[in-house]
Each structure stands twice: as structure tokens, then as C-alpha cells.
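Let's take a walk through this model, starting with a patch on its surface and then moving on to some backbone details.

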Amino acid sequence: MAKVTSVVWLFAAVVVGQALTPSTFLTTIDKARLKSVFEAAFPVNDVINAHYSILGLKMMNIPVPNSQEACKKVTSLVDAKSVSSLYHASGAAKALGSCKVNAANAQAFLSESIKDTASVADIFSAFFALKNLGLSVDNTKVSKALAEALKKDDSPLSYGYAFLVSAEIGGDVKKMFDSIEDIVAQADEVDEKYLQFEGGLYATALVIDAAYKLSETAKKAPTIPEEKVLKFANYFLSRKHVHQTRSAYHLLSVVKTLTENKYHIPVAVTLASSVAVSQSMSTVQVRVSNLMGAPLGPLTVVADSAKHLRDDAIVLSKKPFSAKDESLYEINFMESKPAPGFYRLTISATPKKADKRFLGTSGAFVEVKVTTQVSIENVEIGIADKDQTTASRTTKLQYPKKAANTFEADSHQKIIMKFQLKDKSSSKSVSAHQTFVKLTNQNTNQEIIFVAQTESSGGYKFDLDVGANAKEFGQLSGKYGMELIVGDAVIENPFSWSLADVELNFADAPTPKTKESQYAKKPEIKVFFVTLAILFICWMKIGANISNFPMSLSAVGFHVCLAGIFGLYYLYFTCLNMFDTVRYLGLLAIPTFLFGNRLLSSIAAKRKGEKQ
């Protein structure tokens, strides 16, 4: 039973590793993009973006553009009556160095903001604003207010703020430290690979970053399972294209924390070479690094297995990579003579000096495809009777030559073709994902495409019953060009080969018609309008009384505009196009609406007066 349990746990570890080991990191391009996000906040227009941008650039060891001007703007934009503004302005000034925020009465205002009724975010901002400004802080008061605020709002983001405050205060942080496990348990899992909190990147990055900072103060590893650390790491890297300064800074901060902390360092295994492997490019290179792309020290990197994704064939096992530099490792994959196709390499990376901090060192994988050049051989094309009463007449062809003679077939015959695709390097038969036969009418350019089928022998066969497929051709007799198209993701030399010309004769073939363009001019529609005549006749029939017609501007205007609309309809059918008609109708609609509204209002008012 113990052996079975060990096997189960080993299998689970492999599955977890395969699914969770990060397959990317913050590359040079990613860092340049983050740098541009931070630099876009200059010149400074608001203290919030300035704060996060200055912190981000400082973390990347990049000088702040025109720091003196940035300091002047930050100090001029600060709102001394806003806790948030004081926090961001003081944080930006502190990060700039030699920059001071002159906020009168900041000590009293910020101290008063730390109270039992304040939110966790306000307590956090007031606490760090006091710290940034070098003012005194009552830590006991802060801890008490924080405990009360968390009773009202115990969301992960609030606890993230609380972790950061507790980490800064120090002392007995056991109660807050024990909360890490409960908060992490609230994270939402996506695709069994990512973990995130409600609130997205900002909330997730702040909470995890704060948890590790609190762990540094507590001098204990955070109670976060290794599997969840990898899932959080995958989530952060999936969001590395962020363009908001606040989220960009917190992304950079948490990724840096996950590369420098004393407890957990996720390992990233990334394909560094082309996904395509061939005889001319036989090596597979992988980069093993931390999430910032930095090397992890001397490692033993091994390809535990390489499995063909179509038939699960294992082509190599326990093959070591050779080190090219501190983080780049390579293996000659073609030495194992793999067949063309897609492969998954399962990789493990073991530090030569044991380091328990490293996570995801086993079960990592990269996927590559083995490509090859193919040749087409044993090509035969011919015509045969459907009832097989006579032997088929075939002609052998050599790529890329075209048959010299035109083949002729009628409704009682069929076109047959056979060929083989072979790997040029091994001479073995191969199959292709795309093997199409295209027949193109040389008069109308109509194209009909069929699929060549594989045979048990490994070759391909194309068999076209002319009569049975007459409908596909529209029963259009004539000369057709026959073309073979071969392609595949693993074929380096896909080709299109014009094989031959074929004269097809269908029974009761229709006369070819010239296809009329859908954009050709259509016959003019003649319409005789009797609208007005019908209108007046109807009025006479029903005894319309126009003596009560109100002689007001609104009544006359409305009916004139209405007549204009009817006239516009007439012009639409005689000389205007739809776009001109809509434009004029829009112009007429405005006065029609205004006059009509006033007319109806006056009629309603008149009837109300008569009733009274």
C-alpha cells in the first residue's frame, strides 16, 4: 500500500509540474515595455501616477526624467486635506530623494485619520504618509484601528494593506501572519493553472507581495502551498503586458519579490530556440531562470522524456542538456532520429547546490516540432472505365514536369492517380495534413477541390468518378487544369504541382454562360406615381372637412414639411440615390418634428378649453 501511495504522489507531482512550471519570464522586451509605461507619466500631471512611475523606475534602476521638475510638480499638486494625496506625494518625494513635501499640519491631520471608524485603505495611507514624511506614528493606535477596520472589511485587498502595515510596525505579528493562509484560500482558480483575487492584477500582486514582506518580518515561510505559489506566478506573467502605472508597478514589485525572497523562488523553463527542429537546425535550447530572467546558478538540466504528441511514442529518455551559459542549455534532439511531428519534452532542472527555495524544477515542458523535406515519387495518372471492363491507361510523371498529353474522360470513366510522399532524409513514407487535387476550368476559372486519400501501403490515391461528380462541376464540359497541392506544418517544402490537363465531357452538358457581375448595372425600375390623385379621391369619398384647418405657423409648416417628405420619396424613385435621400430626409425631419409637436400641443390645448 505504501508503494502504491508513493507512486500516486509521484504521478501527481509530475502532473502538477507539467501544468504549473512557468514557461515565460520578464524578458528584455517586457522590461522595456514597463519602462515606457512608467516614463509615459512624465511630465507629471497627477501625484498618483507620478508615485507609481517613480517607484517603478527606481526599482528598475532607471533615472527619473527631469527629477527636479518632477519634484516641483509633485509638491505643487499635493492636497494637504487628502490622506491619499499626502500618501502618494510623500511616497513620490521620498523615492526621488532630496525632495520634500511641505504639508502644514500633516502630523495632526494624518494622526486624526487613523481611527476605529476609518477604512483599512485610509489607515494604510495615513500610516505610510507619516512614515514617508518622517513624522511620529503611534503604532499601538494604528494596530488597534487596523483590527477594528478589518472587522468591517475583511477582503483580501484590505488584508494586503494590513500585511504591509504590520510588516512595517514589526513586533508580534503572529496573528496577522496566521491570516495569510486564510486569505490565500480565497483566491479564484482559472484553468487549473492560474490563481487570482477579486480585483485583478493590482489586488493579487499587492496581497502576495505583502504576504512575503510580512513573512520577512515574522522570519517564517508564508503558509502558501508551493502549487499555489506557481499558480500565482503564472497569473502574474500572463498579465505582463499591463499598461496602467499602478498595476505595472505592483506587477514588477511582486515578480521581484518572487525572485529575491528567502522562501519560494519559482523557476521558469522557457524554449529559447526555434520551435522547429530539423537536420539543419538540430538543437533544442531552453532557458532556465527566475521570473526576472536571471540565472539560478549551476544546474543539471535533463530531458526526462520526449513524447510524440500523435502516437505517444517516446524518442528519448534521461538525456542531459549541455550548458551554453549561466541560464541557457541545449540538446541535440535530432540524434534520436525522431519522425516528423510535434513533440513534448519533459524537463527537470536540479541545482548542483541544493536550494529548497526553487519551485517547479521537475515536470516542466516545452513543445517543438520536427520538420523535414519531402519528395514525391511513383506518380501515376490515368483514365479508367468505371466498370473496369478495360485496363486503365496510366502515365508516369516526374516532379515537377507536366504531362505532355491531355487526358480525356467522360461520364462513364474515372480519373485515377497514385503517388507517395517520402522523407528525403530517411526515405520513409510520410503523410501530409493537406493533400488536395484542384481542377480548374480553363474557360471560366471555376475551381473544384478534392482530397487525395491515404492507402494502407502508406501511399496516396485519388479516384474521381466523372459521372458521379458531374454536379460538382455544374456539368460543365471542357478542359480542366489538374493540380496537386501538398502541405503540412512539419513539411519544409510544401508544393503546388501542375500535373496535367484533363478534357471532361459530361452528358447533357449545358452551354457555358458568362457569369454576370453582381456589381453590374441593373434594369431601371419604372414607377408611375398616382399618390396625390389617390389621396384627393380618398378625401372626397370620406367627406374630409378642411374648413377647420388651423391657419397657424405650426400647422402650415408641418404640412409643408410633410409634403416635402412625400416629394422626397418621389425623387428617390426617379433621380436620387439612397444616401442623398437619407441626407435630405434628415434635414426635413427636424422642422417636421418641431412643427408637428407644436401643432399637436395646440390641438390638445384647444380641445381641453372646449371641454371646460
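Helix α16 is the biggest contributor to the nonpolar patch, giving three residues. Keep in mind that this is a predicted model. The patch covers about 550 Å² of surface and is built from Tyr572, Phe573, Met578, Phe579 and Val582. Two elements each supply two or more of its residues: α15 (553-574) and α16 (578-611). Take phenylalanine 573, which sits in helix α15.

Now for the backbone, and a couple of prolines worth a look. Going from phenylalanine 42 to proline 43, the peptide bond is cis, with omega near 0 degrees. You'll find proline 43 in the loop that links α2 (28-39) and α3 (47-59). There is also a cis peptide bond from tyrosine 399 to proline 400, where omega is near 5 degrees. Proline 400 belongs to the loop between β15 (393-397) and β16 (407-410).

Next, have a look at phi. Serine 98 isn't a glycine, yet its phi is positive, near 45 degrees. Serine 98 lies in the loop between α5 (83-96) and α6 (106-113). Is this residue buried or exposed? Serine 98 is exposed, because its relative accessible area is 86% and the cut-off for exposed is over 50%.

Lysine 337 has a positive phi too, near 50 degrees. Its place is the loop between β10 (328-332) and β11 (341-351). Lysine 337 has a relative accessibility of 73%, so it counts as exposed.

Note on methods:
Residues are numbered from 1 along each chain as its sequence is written. This is a predicted model: local features need pLDDT of at least 70, side-chain atom pairs count only at pLDDT 80 or more; totals for chains, interfaces and linings use all residues. Side-chain values use heavy atoms; hydrogens and water are left out. Patches are made of residues with over 30% relative accessible area and no salt bridge: like charges are joined within 9 Å, nonpolar side chains (Val, Leu, Ile, Met, Phe, Trp, Tyr) within 5 Å. Accessible areas come from the Shrake-Rupley method with a 1.4 Å probe; for residues, only the protein chains shown count as cover. A salt bridge is a side-chain nitrogen of Lys or Arg within 4 Å of a carboxyl oxygen of Asp or Glu. Helices (H or I, at least four residues) and strands (E, at least two) are DSSP runs, numbered from the N terminus. Buried means under 20% relative accessible area, exposed over 50%, partly exposed in between (1.4 Å probe, protein chains only).
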